[in-house]
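Colleague: Please put the model on the screen. I will then ask about it piece by piece.

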Amino acid sequence: MEQKHEKYRRLIARCQSLPPTPTAVAHPCDESSLKGAVDAAKEGLIAPILVGPRARIEALAKQYGLDIAKYPLVDTAHSEESAAAAVALVREGKAEALMKGSLHTDELMAAVVRRDTGLRTARRISHCFVLDVPNHPDALIITDAAVNIAPTLKDKVHIVQNAIDLVHDLGAAEVRVAILSAMESVNPDVPSTIEAAALCKMADRGQITGGILDGPLALDNAISAEAAKIKGIVSPVAGRANVLVVPDLEAGNMLAKSLTFLAGADAAGIVLGARVPIILTSRADSLTARLASCAVAALVANARRTAAAKAVP
C-alpha cells in the first residue's frame, strides 16, 4: 500500500480488532473478483462464502494459485442463480455482507431489490464512494454516483441519511454534508439549488438527523476553506465537507472518476439501504481500494451488529 493511502490504511487497521465479517461473494468467476475476496480474507476483513459454479471457481483458483479450500462454496449454475443464492444466505442469517463478483451489477441488484426474496428495507438503496484523495485531510464520500440515476427530492433524503449513517459507522465524530450544485445561491431556474435548500430545511426540522447540512454549495467552496472565504460563505460545512451529495448520477460519476484519474484518488464503493452492506468493486480497482471497500463493509456490519445487541432487552 502506498503512503498516499493513509486514510484507507486507517480504515483497514480499525478492522483488525473485529471478527471477519461473513460475506456472500456472488459469482467470483474471474481473477480480480476471486483474488479480491481471498486477499480480503487474508487481511481478516471478511469470511467469504463463495457462490458460483464450483468447477469454474476451482479451476480459476488453480490457474492463479489461490487457496480456497477453507472457504465454503455454494454451487450454482449461472450468474443469476449466484445472485439469488448469495441474497438467500443473507436472509438465512449466514452472511452479514454481500460482495459483487464478476456478474453485472444489475444482476446482483435485481436479486437485492426483489420484493419477496430480496433485501429491501424502508430506506432507498444508494451508493457511496469513499475516496482517499492525496493531500486532502479527510476521506471524501460522494453520493450517489452508481445506483440512483436521477434521484427525486424524496430519494435524496434517504441518500443523505445513508451517507450520514455511514460516516458515523466509520468512526467520524462530525458529519458535514455539502449539497452540491453549480452555484452557492438558490436559483429558481436551477432545480438542484431548490432541492439543496429543501434538504437543509428538512435537516433543521429533524427529518434528516446526525449531520450538519449546507447547500447549495459549489464544489470549490464545499472543500476549499479559501474559496469559501473569498466568496464570503460563513458555514460549518463550507470548506470542510466530508460528504458531497451530487445532483444526479452523471455528475457524481464524473466527479468520482475525475478525482480517481486526475488526482490519483482511490475509490472504495459500498451500497447502503439494504439489510446488509453491499461491496461493489470494479476490475479497475487497485488492491488498496478493494480492501478498503471490504473494510468499509466490515465497519458498517459491525455497527449494525452492535446496535442490534443493544436493542435486545
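Colleague: About how many Å³ of space lie in the second largest pocket?

Modeller: This is a predicted model, where local features need pLDDT of at least 70, side-chain atom pairs count only at pLDDT 80 or more, and totals for chains, interfaces and linings use all residues. Residues are numbered from 1 along each chain as its sequence is written, and side-chain values use heavy atoms, with hydrogens and water left out. A pocket is an open set of points on a 1 Å grid over the protein atoms alone, with protein on both sides within 12 Å along at least five of seven lines. With the points joined across faces, edges and corners, and volume taken as the space filled by probe spheres set on them, the second largest pocket holds about 340 Å³.

Colleague: Which helix gives the largest share of its lining?

Modeller: Lining residues have an atom within 4 Å of a pocket point; here there are 15, and the closest to the centre are Arg10, Leu11, Ala139, Leu170 and Ala172. Helices (H or I, at least four residues) and strands (E, at least two) are DSSP runs, numbered from the N terminus. The largest share of this lining, four residues, comes from residues 6-14, that is, helix 1.

Colleague: Which element gives the most to the lining of the largest pocket?

Modeller: The largest pocket has a volume of about 820 Å³ and is lined by 32 residues, with Phe129, Thr281, Ser282, Arg283 and Asp285 nearest its centre. Helix 2 (31-42), strand 5, helix 10 (249-262), strand 10 and helix 11 each give two or more residues to this lining. The top contribution, five residues, comes from helix 10.

Colleague: Is strand 5 largely enclosed or open, and how many of its residues are buried?

Modeller: Buried means under 20% relative accessible area, exposed over 50%, and partly exposed in between (1.4 Å probe, protein chains only). Ser126, Cys128, Val130 and Asp132 are buried on one side of strand 5, and His127, Phe129 and Leu131 on the other. Strand 5 is therefore largely enclosed by the rest of the structure, and the buried count for residues 126-132 is seven of seven.

Colleague: Which residue in strand 10 stands opposite Phe129?

Modeller: Two strands pair if DSSP finds at least two bridges between them. Strand 5 and strand 10 (residues 266-272) are antiparallel and share seven bridges, while three bridges join strand 5 to strand 6 (residues 140-143), also antiparallel. In strand 6, Val130 has Ile141 as its bridge partner; in strand 10, Phe129 faces Gly269.

Colleague: Which are the edge strands of the sheet?

Modeller: The sheet is open, with eleven strands in the order 3-2-1-4-11-10-5-6-9-7-8 and mixed pairing. An edge strand here pairs on one side only. The two are strand 3 (73-75) and strand 8 (212-217).

Colleague: Which residue in strand 8 is the bridge partner of Val177?

Modeller: Strand 7 (residues 176-180) runs parallel to strand 8, joined by four bridges. The partner of Val177 there is Leu213.

Colleague: Which residues touch the most other members of the largest nonpolar core?

Modeller: A nonpolar core is a set of buried Ala, Val, Leu, Ile, Met, Phe, Trp, Tyr and Cys residues joined through side-chain atoms within 4.5 Å. Helix 11 (residues 287-311) supplies the largest share of this core, nine residues. Of its 58 residues, those touching the most other members are Leu166 and Leu213.

How values were computed:
1 Å grid on protein atoms, 1.4 Å probe; cavity = no way out; pocket = protein on both sides within 12 Å on 5 of 7 lines; lining within 4 Å.
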